[in-house]
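Biologist: I would like to learn how to read a few features of a protein model. Can we take them one at a time?

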Amino acid sequence: MSGLQCLASENIWFDKPRYDEAEKRFYEGANGPAQQQVKTALQPAKGRQHKRQHRNSSSNAGGDQELVSRMKSLELENQSLHKVVEDMRTVLQKLESRVAMLEKNPASVTVSCAKAAPVQQVKVENGGDDDDDFDLFGSDEDDAEAERIKQERVEAYAAKKAKKPALIAKSSILLDVKPWDDETDMVKLEECVRSVQADGLLWGASKLVPVGYGIKKLQINCVVEDDKVGTDMLEEEITKFEDYVQSVDVAAFNKI
């Protein structure tokens, strides 16, 4: 029996590698679509995770930048506050120094006044006759000088007050002078009224005011000095012209 015949009669699997390769390909082909679907499903998740990580990193970068800007603003504000505190401290020191000087000045003024006016000591000799030469209660000459100065000031004030013009009280009076009838000569009536003259009396403007039934009354203004002329005197003097004047009334009276 030849060698080939011996090998043919042996139960040996010469094609096992080829079958193994076929089996591997079969299983790879069977599992391939599922794995592809898993990979396809995982890719969007990985993309979202990558975007989320990028967004978080960008937000963290923006937050860090905002924090840095806030820290810088706080530092600037802190520096300005330090400057204000230093200025206030300087002003407070100046005020304290001024208060200390003011507290010291009254004492120095008192001491200087005490030094400027020392107490005069009077020596009294035993058995001497010079006691009458010392005036322990002041001098009559000083009192006379003070009285003279006071009198001069009073006289100067009186002279200054006398030079000022005295305030004269004046009043503005509006009189209504009524005639007897419509035939009364109003021009003559006004001449009679203005003929009344007195010291402190000054006649002003006048006009004719209708009363009724063709009768008009004379309304005339005057300025008087209260101490010299009164309304009673004016009424009495005007009513003396009884041929023209029926009555006199005070329409208005105002102080000037």
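Biologist: Which residues have the most contacts inside the largest nonpolar core?

Modeller: Start with the general idea. In soluble globular proteins, nonpolar side chains tend to be buried together. This model is predicted. Its largest nonpolar core has 18 residues. Those with the most contacts inside the core are L175, V177, V193, L201, W203, L234 and I238.

Biologist: Which elements give two or more residues to this core?

Modeller: They are β1 (170-178), α4 (186-194), β2, β3 and α5 (231-238). The largest share, four residues, comes from β3.

Biologist: What is L175 in contact with, leaving aside its neighbours within four places in sequence?

Modeller: L175 is in contact with W203, L218, Q219, I220, L234, I238, V248, D249 and V250.

Biologist: Now aromatic pairs. How many does a search of the whole structure find?

Modeller: A pair of aromatic rings is described by the distance of the centres and the angle of the planes. Here the search finds one pair. F26 and Y27 form it, at 5.5 Å centre to centre with 70° between the planes. The pair is edge-to-face because planes over 60 degrees apart count that way.

Biologist: Are F26 and Y27 exposed or partly exposed?

Modeller: F26 has 58% relative accessibility, so it counts as exposed. Y27 has 45%, so it counts as partly exposed.

Biologist: What about phi of Y213?

Modeller: Most residues other than glycine have a negative phi. Phi of Y213 is positive, near 60°. Y213 sits in the loop between β2 (201-212) and β3 (215-225). At 84% relative accessibility, Y213 counts as exposed.

Conventions
Residues numbered from 1 in each chain as written. Predicted model: local features only at pLDDT ≥ 70, side-chain atom pairs only at ≥ 80, totals over all residues. Heavy atoms only, no water. Phe/Tyr/Trp six-rings, centres within 6.5 Å; stacked < 30°, edge-to-face > 60°. Buried < 20%, exposed > 50% of the residue type's maximum accessible area, 1.4 Å probe, protein only. Core = buried A, V, L, I, M, F, W, Y, C linked by side-chain atoms within 4.5 Å. Contact = heavy atoms within 4.5 Å.
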